[in-house]
Amino acid sequence: MRAVVALCGVGIAAGLLLVMDGFRPTGHGSGQRRSRLASWIRSPERWSRAIGGGLVLLVLTRWPVAGIAGAVLGWASPDLYGGTKQRQAGISRTEAIATWTEMLRDTIGAAHGLESAITATAATTPEPIRAEVQAMSADLQREPITVALQRFATRLAHPISDLVVAALATAANGSVRDLAELLGTLAGSARDEASMQLRVEAGRARMRTAVRVITAVTVLTVVGLTLLNPRYVRGYGTPVGQVVLALIAMVWGSSLWWLQTMARFRSPERFLLSTATGEVGS
């Protein structure tokens, strides 16, 4: 009977994950979601946390559903308790794009052409995007500037960089009269977005803290009741109790996922897409 309950719990958890994935937006971001899902599956950290969390709760409670819930919680723990470095890295890249755009604006007047300006700024570009700019500078030695710009936009995969690339590609075709002024405007937009991300990050830090506190208190309460007062939770050890516990875990997990989604910063969608011909399009 426990095996049947465990299988039911696995099916419920898998169904919940599929429903959650179905609420995500579709479109050209589906490829990014597939790559992210693949990285999740290949992540040894997630697997170790899932196995560790499932085994700990299974040993302490002897409930199959609790073990499955612990495994799911361990798998999602990097998203619930981490992500600070990634968010800070995103803000740093936005600021670096703004700085590099300003460097281009200041260099383009003294350099002989757009390609020369890009090459001149490659060595002094801010660290978060230096590798991408240096790779574009190397591409300019053997490819047309439009192809090099497309590769640069693909490497950075940032909405602000798409605006800069679009301006540079238009300028390369001779359709921009005052590129320096346009680059200055884009640099200001990039800095405004970085400031907005900092404000949003500060405003949603309280919600992320609430998610961590709710998760920790709930897990400690379940473990404490199981160890200190097993008669109080003895009903959950029956097959019907396991089904009820599975429903409770689903509602609790959905609430945590909802709170975490509300606390997540959603960057604007990119408008430049990779094409088969390697041209910059919108």
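Predicted model: local features only at pLDDT ≥ 70, side-chain atom pairs only at ≥ 80, totals over all residues.
A nonpolar core, as I use the term today, is a set of buried Ala, Val, Leu, Ile, Met, Phe, Trp, Tyr and Cys residues joined through side-chain atoms within 4.5 Å.

Start with the overall build. The protein has eleven helices and zero strands, so the pattern along the sequence is simply α-α-α-α-α-α-α-α-α-α-α. Of its 282 residues, 34% count as buried. The accessible surface comes to about 16,000 Å², and carbon and sulfur atoms hold 64% of that. Among contacts with a separation of 6 or more, 67% are between residues 24 or more positions apart.

In soluble globular proteins, nonpolar side chains tend to be buried together. The largest nonpolar core here has 30 residues, and W100 and L168 have the most contacts inside it. At least two residues of this core come from each of helix 5 (84–107), helix 6 (114–122), helix 7 (127–139), helix 8 (145–156), helix 9 (159–172) and helix 10. Take L168 as an example: setting aside residues up to four places away in sequence, L168 touches W100, L104, L114, L149, L179 and L183.

There is also a second, separate core of six residues, V65, V233, L245 and A246 among them. I will stay with L245, a residue of helix 11. Is L245 buried or exposed? Its relative accessibility is 15%, and because the cut-off for buried is under 20%, L245 counts as buried. Beyond its neighbours within four places in sequence, L245 is in contact with W63, V65, A66 and Y236. L245 and W63 are 182 residues apart along the chain, yet their C-alpha atoms are separated by 9.4 Å.

Those two residues bring us to a pocket. Rolling a probe the size of a water molecule over the atoms shows where empty space is left. The second largest pocket has a volume of about 400 Å³. Its lining is made up of 20 residues, with W63, T218, V222, L245 and I248 lying nearest the centre. Two or more lining residues come from each of helix 3 (44–61), helix 4 (64–81), helix 10 (179–228) and helix 11 (239–262). Which helix gives the most to this lining? That is helix 10, with six residues. By class, the lining has 15 nonpolar and five polar residues, and no charged ones.

Methods:
Residues numbered from 1 in each chain as written. Heavy atoms only, no water. 1 Å grid on protein atoms, 1.4 Å probe; cavity = no way out; pocket = protein on both sides within 12 Å on 5 of 7 lines; lining within 4 Å. Points joined across faces, edges and corners; volume = space filled by probe spheres on them. Helix = DSSP H or I, 4+ residues; strand = E, 2+ residues; numbered from the N terminus. Nonpolar A, V, L, I, M, F, W, Y, C, P; charged D, E, K, R; others polar. Buried < 20%, exposed > 50% of the residue type's maximum accessible area, 1.4 Å probe, protein only. Contact = heavy atoms within 4.5 Å. Areas by Shrake-Rupley, 256 points an atom, 1.4 Å probe, with all protein chains shown as cover.
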